[in-house]
Amino acid sequence: MPWKETCPIYEKVRFIAACSEEPNLAEVCRRFGISRKTGYKWLARYEALGIDGLKERPPLALEPPFDRMKARLRSMEPPFDG
C-alpha cells in the first residue's frame, strides 16, 4: 500500500476543524502529534489571518554577527587625533 501524502496546510485545516469540534486543545494536539504551543500558534494565526495564516512561512533570517559588528563600529565616534 502506498504512503498517504498530505500537504502541511491541509493538515493544519484539519487541525482547526478538529479544534472546533473538540473543546480540549491538548487532546487534539496529541492526536495530531504536535505540541500545545504549536496548536495555539496555528489557532492564533488562523484567527488573525484566516486560511492565509496557515501557509508555510520562511524562517526569519538572522543578521550575521559580522554585519552587527560593522554597524556597531560605524556608530562609534572616530578616535581622538590629538
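Let me start with a term: when I say contact, I mean heavy atoms within 4.5 Å. With that, among contacts in the protein between residues at least 6 apart in sequence, 41% join residues at least 24 apart.

Before going on, the housekeeping. This is a predicted model, so local features need pLDDT of at least 70 and side-chain atom pairs count only at pLDDT 80 or more, while totals for chains, interfaces and linings use all residues. Residues are numbered from 1 along each chain as its sequence is written, and side-chain values use heavy atoms, with hydrogens and water left out.

What does the secondary structure come to? Four helices and zero strands, running α-α-α-α from the N terminus on. Helices here are DSSP runs of H or I, at least four residues, and strands are runs of E, at least two, numbered from the N terminus.

Of the 82 residues, 17% count as buried, where buried means under 20% relative accessible area, exposed means over 50%, and partly exposed is in between, with a 1.4 Å probe and protein chains only.

Leaving out residues up to four places away in sequence, lysine 12 touches Trp42, Leu54, Lys55 and Glu56.

Lysine 55 also turns up in a salt bridge, with aspartate 52, and the closest N and O atoms there are 3.1 Å apart. By salt bridge I mean a side-chain nitrogen of Lys or Arg within 4 Å of a carboxyl oxygen of Asp or Glu. Both partners are partly exposed: aspartate 52 has a relative accessible area of 47%, and lysine 55 has 46%.

By this rule the count comes to four salt bridges. Another one of them pairs arginine 14 with glutamate 11, at 2.8 Å between the closest N and O atoms. Those two are separated by about one helical turn, because they sit three residues apart in H1, residues 8-21. Arginine 14 is partly exposed at 38%, and glutamate 11 is partly exposed at 22%.

Then there's glutamate 27 with arginine 30, 2.7 Å from N to O. Again they are three residues apart, about one turn, this time in H2, residues 25-32. Glutamate 27 is partly exposed at 30%, whereas arginine 30 counts as exposed at 57%.

While we're on H2, how does it pack? The axes of H2 and H3 (residues 36-49) come within 9 Å and cross at roughly 105°. So H2 is roughly perpendicular to H3, the word covering angles of 65 to 115 degrees. Leu25, Ala26 and Cys29 in H2 meet Arg36, Gly39, Tyr40 and Leu43 in H3.

Phe66, Met69, Leu73 and Met76 form a nonpolar patch on the surface, with about 430 Å² of accessible area together. Methionine 76 lies in the segment after helix H4 (65-75). For the patch, residues need over 30% relative accessible area and no salt bridge, and nonpolar side chains (Val, Leu, Ile, Met, Phe, Trp, Tyr) are joined within 5 Å, while like charges are joined within 9 Å.

How values were computed. Accessible areas come from the Shrake-Rupley method with a 1.4 Å probe; for residues, only the protein chains shown count as cover. Axes are lines fitted to C-alpha atoms, for helices over the stretch in contact, and angles run from 0 to 180 degrees between N-to-C directions. Angles under 35 degrees count as roughly parallel, over 145 as roughly antiparallel, 65 to 115 as roughly perpendicular and the rest as oblique.
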